[in-house]
Amino acid sequence: MQIRRYIVGVDGSLPSRAAIRWAIGHAREHGAEVTLAHIADDEWGAVGAELIDEVDAGARRLLDGEVAYARSLEGTAGLRAELLSGSPMTVLASLGDAETMLVVGTHKTGFHYGRAFGSRSLQLANLAVGPVTIVPDTESRLRRGVVVGVDDSPAGNAALDLAADLACDHHCELIAVRSAGASATGAARRETEPEQLAQYDDDARRLLATAVERVRNRQPGITIRSRVVRRPPGTALNDIARSAEVLVVGDSRREEAQPGGLGSVAYDVLLNVSSPTIVVHAPPAVPAEPQPEGEAHVVR
């Protein structure tokens with residue numbers, strides 16, 4: 001996966017500034033362009049024209065302030081800005097594609113389960129067809145390493161590839177994590193026979209071995225560790241990634257690039273996000289090559 005552009009949704013908040021810093025830092029490594037996008041919520045369309053003009057002027061001042069902040073950082077030569085209107089996360093999602101990373105900040109930093117229900121970051125990850133990064137407003141200078149959740153879906157493989165590339169770019173360790181028997185957790189897992197638990201572990205190790213081989217073929221120079229956990233995957237990934245530079249998860253529910261239907265693991269991770277987290281969707285389907293016209297011949 002090659003990211004050519006970063007689009008940051010900005011709103012003047014501290015998490016928005018964290019998202020700007022994250023995007024500029026990553027874009028600088030690859031010479032990618034950065035666009036700051038502020039979307040004025042179109043619910044103001046029901047009020048009078050004078051108030052609409054006032055809201056638009058405020059939105060322009062806000063965006064100008066975010067641009068000034070971004071330009072105070074290093075590596076902003078290719079910075080652009082866009083002022084749009086509409087439903088913020090819907091409009092932002094429409095700007096993304098397979099080579100565009102959408103980035104937003106969040107106030108959610110490991111709150112108790114369910115506290116982030118309905119948050120805009122969840123809405124964006126659900127609507128987008130390309131990769132999305134959710135950046136919490138927490139200190140990141142001491143973070144180290146890349147964590148990736150492993151499964152065998154198209155999105156899971158895309159997430160693994162991106163995580164391997166990030167670990168190579170940042171000269172850091174990659175930790176691949178698989179939850180054994182992810183569908184049998186809590187009370188159901190406690191009632192599972194030991195033989196079945198052992199089978200879950202073996203299945204997870206086989207999947208991790210395949211993942212490690214994929215990473216070795218793609219980025220042979222990086223250090224990779226694999227971990228089998230016996231906890232719900234979303235909880236385990238957030239705990240392991242608490243001090244990581246970035247956590248990468250695949251949206252395993254989708255078989256192809258399309259909006260809607262956020263996978264359960266990605267959903268649980270974003271409910272209690274603890275580190276900058278990238279949600280990777282399934283890559284676009286490759287169109288079938290057209291068959292040549294003419295008579296069909298049967299080879300006997």
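Predicted model: local features only at pLDDT ≥ 70, side-chain atom pairs only at ≥ 80, totals over all residues.
**View 1. D64 and R60 pair within helix α2.**
The closest N and O atoms of D64 and R60 are 3.8 Å apart. That falls inside the 4 Å cut-off, so the contact counts as a salt bridge. Helix α2 spans residues 49-71. D64 and R60 are four residues apart in this helix, which means about one helical turn separates them. D64 is partly exposed, at 42% relative accessibility. R60 is partly exposed as well, at 38%.

**View 2. D201 and R230 form a salt bridge between a helix and a loop.**
Here the closest N and O atoms are 2.3 Å apart. D201 sits in helix α7 (residues 194-218). R230 belongs to the loop between β8 (224-229) and α8 (233-240). The pair therefore ties together parts that are 29 residues apart in sequence. D201 is buried, with a relative accessible area of 8%. R230, by contrast, is partly exposed at 46% relative accessibility.

**View 3. R242 meets D239 in a salt bridge.**
The N to O distance between these side chains is 3.2 Å. R242 has a relative accessible area of 44% and is partly exposed. D239 is also partly exposed, with 36% relative accessibility.

**View 4. Four residues join into one salt-bridge network.**
The members are D161, D165, R214 and R218. Salt bridges with shared partners link them. Across the model, the count comes to 15 salt bridges.

How values were computed. Residues numbered from 1 in each chain as written. Heavy atoms only, no water. Helix = DSSP H or I, 4+ residues; strand = E, 2+ residues; numbered from the N terminus. Buried < 20%, exposed > 50% of the residue type's maximum accessible area, 1.4 Å probe, protein only.
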